[in-house]
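Subject: Structure for your files

Dear colleague,

Please find the structure below. My notes on the chain and its strands follow.

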Amino acid sequence: MNPFLSRLFVVTSYRFVFFFWLFLLLAGSAVAQQPASPAATSATDAKVPAPKRQLQAVRITESIKLDGALDEAVWQQAPLATDFIQNRPNPGPHEKHPTEVRILYDDANLYIGAIMHDVSTDSILRELTPRDDAGNTDFFGIFLDTYQDKLNGYGFFVTTGGVQMDCRYSPAGGEDFAWNAVWDSRTALKGTDWVAEMRIPYSAIRFSKNVEQLWGLNFMRQRKRDNQAFFWNEVRPAVDGFVNQWGTLQGIQGIKPPLRLSLTPYVSSYVNHNPLNAEGTRRTTTSFNGGADIKWGINESFTLDATLVPDFGQVQSDNQVLNLSPFEVQFNENRQFFTEGTELFNKGNLFYSRRVGATPVGFYDVAVGDDEKLVRNPQETRLLNATKVSGRTSKGLGVGIFNALSNDVYATVRNTETGQEREVLTQPFSNYSIAVLDQSLKNNSYVSLINTNVTRAGRTYDANVTGGLFRFANKKNSYALDGQLVYSRRRGNGFNSEQQIDDQNGYKYKVGFGKISGAFTWGVNHGIESDHYNPNDLGILFGNNNISQDVYANYNKYKPFWKVNNLYNWVNVSHSLLYRPTRYQNVNISAGSQTTFTKSFLTTGFNVNFDPAKNDFYEPRTFPLGEYYVRVPGSVNLGGFLSSDYRKKLAWDVNGGIRKYARDERAELNRSNRAGYGLSVSPRYRVNNKLNFRYSLDWNLSQNQIGYVNGGMRRDEPLDQEFLNQVILGRRNVVTVSNVLQTAYTFSNRMSFTFRARHYTSNVRYQDFARLTPGGHEELVDYRRNRNNTYNAFNIDAVYSWWFAPGSQVSIVWKNAGYTDLQANEATPLYFNNLSNTINTPHNNSVSIKVLYYLDYLALRPKRG
């Protein structure tokens, strides 16, 4: 882009932002001139939390039968919590259909009885779903802040169909439904009402030894028929934070934290058939495994969780993709041990749990001779055990310790003439550990210290990362200062190398300040990641060597006006420099808006991005950074989405976007029209309250994309030899299509079957090539090797799950996976050819059954007297 166009681009960007905010101000003024309803003139839009309500719990000595009836006389003796206040879609009004909640307790449990009044049975929606999935149904929930630090809490929910959901709340993890506790509940329909009865054992939560307990408390009710959510203690959306807006539970006295000791042994059996295994190896294998998960309450505050000889073979398959970027693909964590109760370890985003048990560090570097072949090369590192200790004291100090051990991993290489085999070490015995200290402070503030460490046996390197975090908010919780300082240290040689690693010391810091409460919020941030900063051994890093700063603003209207329920608006301006040498990278100006229409509950939004010309120092894959970079011309992106009402049997989500690039006459490959297009369509159909189908189609086209080519060059290929030590870029069209079909049938609130099939294909076709030279210059070259390729991935995950007792489960899983990577003339852009090719390619099949049985010491110990 020439200088004139660059200046025009920036001026146009700022004009858009100016007129965007002018529109918001005018819209706000127009709304302010409309007559205000009584609800609209309430304190709901205030920046301060609502007054704290209080509820008294009643101690009982008689037994409570958990049946959803609430017919014991003692229920009527407990004080009543009622008069819930709406949070969405219209914050402020009091409920029209009352909710009545009472709390009882004894030496072992907390009991919650709730009656949700309604107008008719048909108004109470009750779809059945797997655990931790609300679906199209009403639900009731209780929130507990047992240390009353106003930052961390528990949530327990039950739907009209009896489906349980539970979660943890924390500044690091937000709302974490991966956490599971063992508790019990019953629900029942009573005419035009529905009833929820819950029993939460003290072993499911943590609290102090104080004689008198004072806990943070809130209740929530969802009336799905009208898409309404209500809280007992009002939760105001304009106030920053959630746990700090709860009321208070009083009256619990004389209870003691119980001995929390449970054992969940498991047995599992697998039959695996892989027709692609090398000749001379078994293609059908069987295995029988056993292990256990242990939970031990060390004291009233801290719990030890351990998994011995863990088995993660039944977790959902990863969404494999063709990665053309210079950065690794980040996969979701599906292993329960690493998703449950890990909010402390996620402080500062220094822990990427997929590093534990990941692909061996030497997986891709196994040397094979001319007369040898690779017959076995494990793709995963088998864990010996993993342990975590976590908790929070009555003074608000959170402590977390994590440790995991993995064994040596070997690849097997066979001599094709003699049949003799040798083993090649691909992963040495390794220890992974994390230590966290997190002190909760007043005014929704905290300070934290985190350390991660990886120690490996043998002659290779070890890694250590230490970080400090803080957040200080003022007394009104309206402004906050936050920051982070991290130091990374690595020592030793590269794996199977005599050369020391070159990124031994690095650092990162980030500091920000902003207005955090109210309809209008804003903030500024600045940060640096040094050129040697590297937390990748137990974390994840997408490029270091950065200086970044950004400023953002949000203007939100939480109450209905005109024909919409709300309006969320944002604008952001960011700027980035290379840290060493200090050079310009990019500027990004973005804005967007989102709203939900009142009658149809159609949610829609848009976003727009302006990116002036930038320099990409990462795409050339040359180090140190700075000498080589790819010129990326200025671009404009416009995107939007529509999401219909999920209460309907047929609902859908649609989103799409288009990005257009300017031409850069200084870069040979950028003289062509460059663009990107994306479209996603995802319908869902609910047949009845037990059966539903979901489908998603994602299509993306990158037209005349410029990208690095050297990654697939071979020394034994004559057409590659001239270009091996050069940076070669290619102009290519990339078409990616992903199809996912999911269905779920829920037999009861404890039994379900889910099926997920995914086909992914990405086709790359090159047009021409250029040599990249220092300073971002490109020279067209006569590179003639066909580099077209098509990557296909197909997998099925079918899961039958039965929770036959609290904490105890039987699961039967079928997994089917196949991958193809077609090169040169084999590559085809025809989708159905790729689908047929993928389905007809031999697949790896695995069928497994796993049984877990929850054993609680308190239930097994002999009864006294």
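This is a predicted model: local features need pLDDT of at least 70, side-chain atom pairs count only at pLDDT 80 or more; totals for chains, interfaces and linings use all residues.

Two strands count as paired if DSSP finds at least two bridges between them.

Leu-110 stands opposite Ile-200 of β11. As background, strands of a sheet pair through backbone hydrogen bonds, in either a parallel or an antiparallel sense.

The pairing of β27 (residues 505-515) with β28 (residues 520-529) is antiparallel and runs over 8 bridges. Tyr-509 has Ile-528 in β28 as its bridge partner. The hairpin formed by β27 and β28 has 4 residues between the strands, and Gly-518 in this hairpin takes a positive phi near 105°.

Strand β28 also pairs with β29 (residues 546-557): these two run antiparallel, with 10 bridges joining them. Here Ile-528 stands opposite Ile-547 of β29.

Now the chain as a whole. It contains 5 helices and 45 strands. How does the radius of gyration of the chain compare with that of a compact globule, and what is it? For 865 residues a compact globule would have a radius of gyration near 29 Å, and the chain has 29 Å, so the two agree. Along its principal axes, the C-alpha trace spans about 90 × 75 × 50 Å.

On burial, 51% of the 865 residues count as buried. Among contacts with a separation of 6 or more, 65% come from residues 24 or more positions apart.

As for the surface, the chain exposes about 39600 Å², and 54% of this is supplied by carbon and sulfur atoms. The side chains include 92 positive and 79 negative ones, and the centres of these two sets lie 5 Å apart.

Regards

Notes: Residues are numbered from 1 along each chain as its sequence is written. Side-chain values use heavy atoms; hydrogens and water are left out. The radius of gyration is taken over C-alpha atoms; the globule rule is 2.2 Å times the number of residues to the power 0.38. Buried means under 20% relative accessible area, exposed over 50%, partly exposed in between (1.4 Å probe, protein chains only). Contact means heavy atoms within 4.5 Å. Accessible areas come from the Shrake-Rupley method with a 1.4 Å probe; for residues, only the protein chains shown count as cover. Lys and Arg count as positive and Asp and Glu as negative; His and the chain ends are not counted. The place of a charge is taken as NZ of Lys, CZ of Arg, CG of Asp or CD of Glu.
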